[in-house]
Amino acid sequence: MAVVITSGRAHKAELLVKILLKHGIEPVYLPVLKVEEVGVDASSFVRQIEGFHVFIFMTGQSAFSLANLAKSAGVCDQLRERLRAMEVYCRGSKAAGNVKTHFGVECKATYETSDELLQAVGPRLAGRKVAVSFYGVVDTEFLGELRKTAAEVAYIQTYHSEETDNAKAVADLLLRGECSLVVFTSGVAVDAFFNSLDEGLRAKVAEALNKGTCRAAAVGPVTSDALAKWGVTPAVVPEKPFLAYLGQAIVSYLQTRRAAAGV
C-alpha cells in the first residue's frame, strides 16, 4: 500500500520519494501546507539585534533561510559578527549544522525540543536581550515564556506556511485503509493537517493512526511531540532526525510488516 508524504517542502518530498521508489514502495505526495517566503527586512533585523546577548535558532531551515535573506540584503557579514558576540542555542541538530555551515558559528548547546530548550536556557536569560529565528510559524507560546525572563525579545520569521485542501484527502485514504503510513516532516505540517479537519473527523483520524492499518511516521522528536498533542503516537521515528534516516526507517518498518504478514 501507499505511503503518504505531507511535507510542504518539495525537496523533502523528492528525497523520500526516491528512497521509497528504490525499494518498490508507492509514494503519494499530498502536501498539507504550502510554504512561502515572507517579505522581511533582514537589514532592519540585524540592526535591531545589535547588543543582544542570546540568539536562538528554532529549526535548520530558519538558519538556512536567514543566511540567504542576509546575503540578499548585503548584511550577512554583519549578522555573522552579531552571532559571534552572542550565546547561540539551537533546537535540533539540523539547526546547529546549518548555523555552523552558513555562519561559521558553533551553537553553545543544542536541544531537541522547545520545552527542553526553555528548561535549560530560560533561567539564564534574566535581564538579557534574546533574538529568535522562526520558520513556518511563530511560536507565540515560546516567545511568551522567553519574555517572562528576558529583558527584551526580538524575532524574525523567514517563511510562513498556509494550509492546503489536501488534509481531507489524506484523512480519506487512511480511514479507508488505503495507505500504510502518513509521513510528517515537521510539527507545522502536523498542526496544519489536524487543524484542517473538523472535530469529529479529527478524532477518527487520531484513532486510526494509533490502531488502524495506516500509521504515522515522524521525522524526529519535535514532530513526534506535535503528534502527541493530537493524541497520536507515531509508529516510525528514525534514530536521527534527518530525512535519509526517516526514509530508511520507513523501509525497515514496511519490510518488517510484510514479513510478519508473510507477503
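I started with Glu145, whose side chain forms a salt bridge with Lys148, closest N and O atoms 2.9 Å apart. For salt bridges I take a side-chain nitrogen of Lys or Arg within 4 Å of a carboxyl oxygen of Asp or Glu. This is a predicted model, so I use local features only at pLDDT of at least 70 and side-chain atom pairs only at pLDDT 80 or more, while totals for chains, interfaces and linings use all residues. Residues are numbered from 1 along each chain as its sequence is written, and side-chain values use heavy atoms, with hydrogens and water left out.

I checked exposure next (buried is under 20% relative accessible area, exposed over 50%, partly exposed in between; 1.4 Å probe, protein chains only). Glu145 is partly exposed at 34%, and Lys148 is exposed at 62%.

How many salt bridges does the structure hold? I get 10.

Another of them joins Arg80 and Asp77, at 2.7 Å from N to O. Both sit in helix α4 (residues 76–84), 3 residues apart, which means about one helical turn between them. I take helices (H or I, at least four residues) and strands (E, at least two) as DSSP runs, numbered from the N terminus. Arg80 is buried at 17%, whereas Asp77 is exposed at 55%.

Then I moved to strand β9 (residues 179–184). Buried or exposed? I find 6 of its 6 residues buried. I count strands as paired if DSSP finds at least two bridges between them. Strand β1 (residues 2–5) runs parallel to β9 with 4 bridges, and Ala2 is partnered with Cys179. β9 also pairs in parallel with β10 (residues 215–218) over 4 bridges, where Val183 stands opposite Ala217.
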